Amino acid sequence: MTTQRELDRILDGFLADGTNELADRVIQAALADIDHTPQRRHLRAPRRLFMTTMQTRLAVAAVIGVLAIGGGFYLLQRNGPQTGVPVASPSAVPTLGASPIGRATPPAGSPGPTALVGPMGVGRQIQTSTRLNDGRVLIAGGYALGDGSLASAVLYDPVTNTFSPTGPMAGARGYHTATLLKDGRVLVVGGGTANWSATLPPEGAFTFLASAEIYDPATGTFTPTGPMATPREVHTATLLEDGRVLIVGGMTTQSESVASAELFDPATGTFSTTGTMKNARAFHTATRLGDGRVLIVGGSPAAWNNSSTLDSAEIYDPATGTFSTTGSLSFGLTFHAATLLKDGRVLITGGNNGYQGNLASTEIYDPISGTFTAGKTMVNGRVYQTTTLLDDGRVLITGGGDDYTNRRFLSSAELYDPATGTFVATGSLATARTYHAATLLTDGRVLVTGGYGADAPVAAAEIYDPTTGTFSPAG
Amino acid sequence: MDRDLVEQAQRGDREAFGILARTHGDRLIAIAQRILRDVGRAEDAVQQTLVIAWRELPGLRDPDRFDAWLQRLLVHASYAEARRSRTWSANVRVLPSEGPAGPDEATALDNRDLLERGFRRLPPDQRAMLVFTHYLGLSPTEIAERLGIPVGTANSRLHYAHRAMRAAIEADERALPVAGGRLG
C-alpha cells in the first residue's frame, strides 16, 4: 500500500519534470492575434463600477450625463418637442395620464430632454415581465438610461394591444424578481437600487434590497410585504406547488454571492429561512421540475469576475427544505437560461463559461437520471437571451448579447424542437436587444419587452406569433 | 510592476501586455504542458490564454490578481484543449531516445511510464489539481480560490486524483506493462 507521503513524493518528482520555457514564437503568435482582437468592455457592470475609484466613477457619471443631455438635445432638435414623454429622473415614475403609454401628451414645459419613450413609456432593461391570470402582463422596474433604477410599472393588455401605467412600486429596483402567486397577485422581491446617473453611492455604501412588495391586479397597487432576511439581487424566485415562493442565492452587499435561501409564505406575508445551498451563487437559474422540486444550475460563485463560473447544480426539495447536489454541467456557466420542457427535462442554453461570453452550446438535464448531457448547438452564441416554452412544446430563444465589445446585440431568434433536439432560425426581432424579457401570452404568442438596444434601453415591444414565425410591433 | 503593466494593458496598451506575456509565459507553458502532457497542445493553450486574457482584461477587477486570473484562464483553455484532443484516455508513448544503461535506469523509466499512463487516464480537472498541488505547491484552499471552485470541489478532485494515481501505481506494480504500450 502506497502511503500518502510516498505518493506525494512520487508525484512531486513526476511533475517536476517537463517544459519550463515558452517559445518566443508562441508569444509572437499571440501578440499577432491580439492585433485583431478588440478588448471586451462590458456594457453594464454596476457592481464592478462600484469597486472602482470614486474618481473613475465620477468620470463615468460625467460621460453618461453629457451623453444623455447631448443625445436628448440632438433628438429634440431632430424630432421636435412634441414627441417625448418627459422623464425627469430615470428612477421617477413616468408622469403619464390614464391614456395608453406612447399616446400620452406631454405636459407643457416638461423638463428633461429624452426620446426614451415608446409604446412601453420609458425604455427599460433588466425589468420583470409577469403574465397575470387575466392575460395582461405586468412589466415592473428595471434600469433606464444611465442605470437609473425604476419604480414605475406598466401593464400590457393583449386584447387592446396597449400599454398603460400601473403602480408604481414603493421602491425603485432592477435585477429583482416578480412571481405570480396562486391567488393572482404578484410578489416582487429584492433587487438593486442603483441610480448611477443621479447620485453615485459612496464607497462601501451600496446596498441591495431586502424589501418585497405585492402587486394586486384588482387595485393596480403595490403593497410592501416581508422583508427578506438577506438583501439580494440577481437571485431567483420560484413558485412552489404549495403556493410558497422559494428565493435562492443572489448577490448581496460588496457584490458577494450568497448560498442562503428563503421561503415566502403568501398566507402570512413573511419570509423564513430554509436550507442553504452547497455553493453560493448568483446569475444562476432555478427551474421547478415536474415533481415539485427545484433545479438550481450554474451561476457566479463570487463577485463580478468574468472567469468565475459554477458547473455545479443543486436540487431543492420542498418536502425537506434542503438542497442536495445533482449532476454537473460540462463546464461552468453563468448568464445562461433554463427552460422546463414538456417532457420534464430542462434545456440549458448559451451563457458565459468564464472566458467565452456568448456560447452557442446547450445541455439537457434529465431529472430521472439527475444528469446533464450535451445538446446540439444553437444557431447563434448568446448571453442574456430569453427562452420561452411555447404551447406546442418548442422553445423560442430571442436576442441576447453577441459581441459586447462592439455592442453588437442580436435581433435573431431561433426555435428549439425537443422532438429533434435541433435549433432552427425563425423570424427576427425588429430591434436587436439584450437584457430584455419575454412572456408567453394566453393565446400562444410571445411578448418581448424592453432590454438594451443599440445605444439605450428600449421602450419598444414586439410580439412573436408561432403560427407565422414572425415578430410584429406591440402597443 | 505587474500592477502598472496590467492597468496599462487594461487601457489597451499592447506593449504592456507583451511584457506581461513574456513575464508570465514560462510559468504558463510549464503548467499547461504538465496538465496536457504535450508541448504542442500546451503551446496552443497558452496562445489561446493570452488572447483571451487580452480580450477580457478590462473586466479584471483587481490588477494584483492578474497572475492567479491568468492561471485560471489557462486551466480553462487547457480543459478546452484536452476536450479537443481527448488525450487523457489513450496513446501513451514514453520511450527514451536511447536505451537504458542498466537495470536501475530501466526501472526508473518503467516507473515513470506507469505514472504517465496513470496521469493521462485522469480527467483534466483532476490533472490540474495535481499540477497545482505538486508542481506549484498550493493547498486545496489556495487552488480553489485560484481556480474559482469551491474548496470542497478542490478537495474531492484532489482526493480522486490521488486515489487514481495510487491505484495506477499499485496495479502496475502487480503487472508491469511494456514501456511504450498503448492503452485503449
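Biologist: How do α1 of chain A and α6(B) pack, at what angle and how far apart are their axes?
Modeller: In this predicted model, helix α1 of chain A, residues 4–16, packs against α6(B) at an angle of about 95°, and the axes are 9 Å apart. That makes α1(A) roughly perpendicular to α6(B).

Biologist: Nice. Which residues make that contact?
Modeller: From α1(A) you have L11(A), D12(A) and L15(A), and from α6(B) there are L130(B), V131(B), H134(B) and Y135(B). By type, they divide into 5 nonpolar, 1 polar and 1 charged.

Biologist: Zooming out, how many residues does each chain bring to the contact?
Modeller: Chain B gives 45 residues and chain A gives 37 residues.

Biologist: And which helix of chain B supplies the largest share of the side that touches chain A?
Modeller: That would be α2(B), with 12 residues.

Biologist: Changing topic: in the largest nonpolar core, which residues touch the most other members?
Modeller: That core has 92 residues, and the ones touching the most other members are L138(A), L187(A), V188(A), I247(A), I296(A) and L447(A). Take L138(A): leaving aside neighbours within four places in sequence, its contacts include T130(A), L155(A), V186(A) and Y215(A). There is also a second, separate core of 55 residues, which includes A30(A), A9(B), A42(B) and L115(B).

Biologist: What about G141(A), where does that sit?
Modeller: G141(A) is in the loop between β4 (137–140) and β5 (153–157) of chain A.

Biologist: Is G141(A) buried or exposed?
Modeller: G141(A) is buried, because 28 other C-beta atoms lie within 10 Å, and 20 or more is the cut-off for that label.

Biologist: How far is G141(A) from A153(A), in sequence and in space?
Modeller: They are 12 residues apart in sequence and 6.0 Å apart in space, C-alpha to C-alpha. A153(A) is also one of the residues that G141(A) touches, with Q127(A), M169(A), H176(A) and G191(A) among the others.

Biologist: Last topic, the sheet with β21 in chain A. What is the strand order?
Modeller: The order is β21-β22-β23-β24 in an open sheet of 4 strands, with antiparallel pairing. β21 (337–340) and β24 (371–375) of chain A stand at the edges with a single partner strand each, so one side of each has no neighbour in the sheet. On average, neighbouring strands are turned by 25° against each other, direction ignored.

Biologist: How many bridges join β22 to β23 of chain A?
Modeller: There are 4 bridges between these antiparallel strands. In β23(A), I364(A) is the bridge partner of L347(A).

Terms used:
Residues numbered from 1 in each chain as written. Chains lettered and ligands numbered in written order. Predicted model: local features only at pLDDT ≥ 70, side-chain atom pairs only at ≥ 80, totals over all residues. Contact = placed C-beta atoms within 7 Å. Helix = DSSP H or I, 4+ residues; strand = E, 2+ residues; numbered from the N terminus. Core = buried A, V, L, I, M, F, W, Y, C linked by C-beta atoms within 7 Å. Buried ≥ 20, exposed ≤ 12 C-beta atoms within 10 Å, placed from the backbone. Axes fitted to C-alpha atoms, helices over the stretch in contact; angles between N-to-C directions. Parallel < 35°, antiparallel > 145°, perpendicular 65-115°, else oblique. Nonpolar A, V, L, I, M, F, W, Y, C, P; charged D, E, K, R; others polar. Pairing = 2+ DSSP bridges.
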